[in-house]
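Thank you all for coming. I would like to walk you through one structure today, and I will give each cut-off as its term comes up.

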Amino acid sequence: MEQHGVSRRSMLGGTAVGLGLAAFGGGQAGAREQLPAGIGEDERSWPKPQGRSMIGVPFEPRQTVRIGIVGLGNRGGGMLPLFLAVPGVKITAVCDTRQETVENAVKVVRAAGQPEPARYGRTERDYENMFRREDIDFVYIATPWEWHVPMSISAMRSGKHVGVECPFATTVSELWELVDTSERTRRHCIQLENCCYGQNELRVLRMANAGLFGELLHGAGAYIHDLRELLFSDTYYAKEWRRAWHTKLNADHYPTHGLGPVAAYMGINRGDRMVRITSMATPALGLADYRKDHEEPGDSSWKERYVKGDTTMSLIQTEKGRLIRLQHDVSNPYPYSRLNQLAGTKGVFEDYPPRVYLEPRSSGHTWGKFDDYKSYDHWLWKDIGPGPGGHGGMDYLMLYRTVQTIRLGLVPDIDVYDSAAWSAPVALSAESLKRNGMPIPFPDFTRGRWRESRPGLDSPKP
């Protein structure tokens, strides 16, 4: 050993490190590489704060919320009528690089009886000109994922609050950048399309807060949605941008749909926090198999090599020892599901279809009816109702509540710290998969304030 430059001391030290990593499921050489910056339970690995915390910071009250929309494709175009249906909303500007979608959006706004909004998108960065307008209070971003962070940061630096589609960001450094920019500019940055405002999700949240599940133990959430036909569509995703992510990132691409509700049930960032994640994935077979059966031999997709495993499964543990199971699958024939499960010492809820088993009402092995707990419905569902379209009506209520908090000058139900935590599994699952399932520590985006009990999605009716 000495001849090869390896001392007995260093040999024993290296063995100890290797055994330690092997105990976490990643004993190979690649697992010994240092974690990327910003990841870790140790606050010394986190960026130093550049501003004051946004926890508990209210919006500035205003009678009318003036909104600019960037990205008018399937999601943005679909959300536009929902925004227009919310009381107190005025659409003042729209932006997309495809002018036909801009013109279609302008027609929708005019048909709703509002003045014609300003048009942007003549160049790739024309959104920056839109953000400089003084008649915009809130920017909604529904663009391909790689644009979420630069657009959000640009909007906040221009003095605008932001609502951005999922994922919030795809790297941990970007998540920290969003948090830091929000704190520095004093602008809120919120994850929209979070699937937290559904009737079932809010009812379970209120039941959990009322103690019906006892001490919480574990939950599950997912984004299971057969997107194969849409991923290979020549028109649905502009330039087929979403399929391209399957060629470059093996990770849970879309954790927020499942994680957001479960994180709310468990009071994440409000008395508990996620501390580590371990992920595994199946082989990437589904898209190539679909291509073989549906694409012509000369199609450009035949040049692609898919690396994103068909099914990604992750386990997250919280500071209190609770477990959250996440699943992502968009590449196989599988009925739509977000799983949406919660279990505690007094019973369990499972969705799709919704059912519940809670002691002392339940006994034996027979599930109870979830409708028996309608009295726990959130005031948004009792007083406002589902509204028009969007994930069974929850998207309208999400926009309604967001606009309401702005108009009344309230603290948002979901803040930048929640949004960053819910999207962190994108980057963290990728890191765990790279290291053969090694547990990866979660950063604490609140920088220690997760211990504070504070309102969230179960906020009282104003």
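Predicted model: local features only at pLDDT ≥ 70, side-chain atom pairs only at ≥ 80, totals over all residues.

Residues are numbered from 1 along each chain as its sequence is written, and side-chain values use heavy atoms, with hydrogens and water left out.

Let me begin with the pockets, where a pocket is an open set of points on a 1 Å grid over the protein atoms alone, where a 1.4 Å probe fits, with protein on both sides within 12 Å along at least five of seven lines, and lining residues have an atom within 4 Å of a point. Grid points are joined across faces, edges and corners, and a volume is the space filled by probe spheres set on the points. The largest pocket has a volume of about 1000 Å³, and of the 45 residues that line this pocket, Gly73, Ala142, Thr143, Pro144 and Trp241 are the closest to its centre. Helices and strands here are DSSP runs numbered from the N terminus (helices H or I, at least four residues; strands E, at least two). At least two lining residues of the largest pocket come from each of helix H2 (74–85), helix H5 (148–157) and helix H9 (241–244), with H2 giving the largest share, six residues. The lining divides into 21 nonpolar, 14 polar and ten charged residues, where Ala, Val, Leu, Ile, Met, Phe, Trp, Tyr, Cys and Pro count as nonpolar, Asp, Glu, Lys and Arg as charged, and the others, Gly among them, as polar.

The second largest pocket holds about 450 Å³ of space, and of its 27 lining residues the closest to the centre are Asn209, Ala264, Tyr265, Gly267 and Arg270. Helix H7 (199–209), helix H10 (256–265) and helix H14 (416–434) each give two or more residues to this lining, which divides into twelve nonpolar, six polar and nine charged residues.

How many of the residues of H10 are buried? Taking buried as under 20% relative accessible area with a 1.4 Å probe and protein chains only, the count is ten of its ten residues, including His257, Pro261 and Tyr265. H10 is followed by Gly267, which has a positive phi near 65 degrees.

Turning to the interior, a nonpolar core is a set of buried Ala, Val, Leu, Ile, Met, Phe, Trp, Tyr and Cys residues joined through side-chain atoms within 4.5 Å. The largest such core has 108 residues, and those with the most contacts inside it are Phe83, Ile91, Tyr197 and Phe213. Another core, of 18 residues, lies apart from the largest one and includes Leu227, Phe232, Ala251 and Tyr306.

Finally, the backbone: a cis peptide bond with omega of about -5 degrees joins Cys166 and Pro167, and Pro167 sits in the loop between strand E5 (161–164) and helix H6 (172–185). The bond from Glu359 to Pro360 is also cis, with omega near 5 degrees, and Pro360 is found in the loop between strand E13 (355–358) and helix H12 (379–384). Cys195, although not a glycine, has a positive phi of about 60 degrees, and this residue counts as buried at 1% relative accessibility.

Definitions and conventions
Buried < 20%, exposed > 50% of the residue type's maximum accessible area, 1.4 Å probe, protein only.
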